[in-house]
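Please take a moment to look over the sequence and the structure shown below before reading on. The paragraphs after it are meant to be read with both in view.

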Amino acid sequence: MLQCTSFTELPEMGARVALMGLEDEPGEATEAPELDAFLLCELGEHEEGVEHAAQLPSVSASGGRDLWMFWTDGDGDGRRKFRFAELLPCPAVIHRLSVKDGDACVLFDRHPAAHSWDVTDPLADLMAERIREEVRRDRGDGGAEGARGGRS
């Protein structure tokens with residue numbers, strides 16, 4: 001399943017207020033994390049009425065909960081509606097080759113659509129492939145120059 005392509009500008013003040021509401025561990029003060037200006041929905045493709053969702057980075061998750069931002073595109077008025085919620089992570093784990101090792105779903109508990117391991121992001125895959133090609137090219141060129149330099 002492909003990843004949802006909806007993205008939105010982060011309402012920074014709302015996000016900062018939501019992050020300030022997270023409880024710190026006893027005796028620890030946390031500093032505010034860096035926030036991206038835009039967020040991409042992390043869910044798989046979903047029906048139009050379902051809220052889009054993106055996890056916000058937080059230094060400390062209170063009680064094992066993560067901070068998520070949800071948004072809808074509005075009711076035809078062009079204005080997006082946002083909300084923030086602390087949610088438990090999805091408990092689902094997929095075991096592929098070993099009963100001991102598995103991949104946990106990185107979405108929130110009771111999320112709509114597919115688990116994170118079934119969601120593919122073609123843009124991220126393309127970028128990763130380009131980076132791998134650059135690394136191969138750099139290693140190939142560096143290895144050839146190093147071999148020639150050692151023989152002279």
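What follows is a walk through this structure, from its overall layout to individual residues.

The model is predicted, and for that reason local features are described only where pLDDT is at least 70 and side-chain atom pairs count only at pLDDT 80 or more, whereas totals for chains, interfaces and linings use all residues. Residues are numbered from 1 along each chain as its sequence is written, and side-chain values use heavy atoms, with hydrogens and water left out.

The chain contains two helices and seven strands, where helices (H or I, at least four residues) and strands (E, at least two) are DSSP runs numbered from the N terminus. Followed along the sequence, these elements come in the pattern β-α-β-β-β-β-β-β-α. Of the 152 residues of the chain, 24% count as buried; here buried means under 20% relative accessible area, exposed means over 50%, and partly exposed lies in between, with a 1.4 Å probe and protein chains only.

Three of the strands make up an open sheet, arranged in the order β3-β4-β5 with antiparallel pairing, and two strands are said to pair if DSSP finds at least two bridges between them. Because β3 (52–55) and β5 (81–87) stand at the edges and each has a single partner strand, one side of each is left without a neighbour in the sheet. From one strand to the next the twist averages 25°, an angle taken between axes that are lines fitted to C-alpha atoms (for helices over the stretch in contact), on a scale from 0 to 180 degrees between N-to-C directions. In general, the strands of a sheet pair through backbone hydrogen bonds, either parallel or antiparallel.

Within this sheet, strand β4 (residues 66–72) is joined to β5 by seven bridges, the two strands running antiparallel, and Trp71 stands opposite Phe82 in β5. Strand β3 holds Ala53, which is buried with a relative accessible area of 0%. The C-alpha atom of Ala53 is separated by 9.3 Å from that of Ser6, although these two residues are 47 residues apart along the chain.

Helix α1 (residues 12–20) can be read by its two sides. Ala15, Ala18 and Leu19 are buried in this helix, and because the buried residues fall within an arc of 100° when seen down the axis of α1, they line one face of the helix; the arc is that of the directions from the helix axis to the C-beta atoms. On the other side of α1, Met13, Val17 and Met20 are exposed.

An α-helix has 3.6 residues a turn, so residues three or four places apart point the same way. Glu12 forms a salt bridge with Arg16, with the closest N and O atoms 3.3 Å apart, where a salt bridge is a side-chain nitrogen of Lys or Arg within 4 Å of a carboxyl oxygen of Asp or Glu. Both partners are partly exposed, Glu12 at 44% relative accessibility and Arg16 with a relative accessible area of 25%.

By this rule the count comes to five salt bridges. One of them links Asp73 to Arg80, the closest N and O atoms being 3.0 Å apart; Asp73 counts as partly exposed at 39% relative accessibility, and Arg80 counts as partly exposed at 34%. In another, the side chains of Arg136 and Glu129 meet at 3.7 Å, N to O, and salt bridges that share partners join Glu129, Arg132 and Arg136 into one network.

Two residues deserve a look for their backbone. Most residues other than glycine have a negative phi, and most peptide bonds are trans. Arg110, however, has a positive phi of about 65° although it is not a glycine, and Ala113 likewise has a positive phi of about 65° without being a glycine. Arg110 is placed in the loop between β7 (103–104) and α2 (122–151), and Ala113 is also found in the loop between β7 and α2. Arg110 counts as exposed at 76% relative accessibility, while Ala113 counts as partly exposed at 41%.
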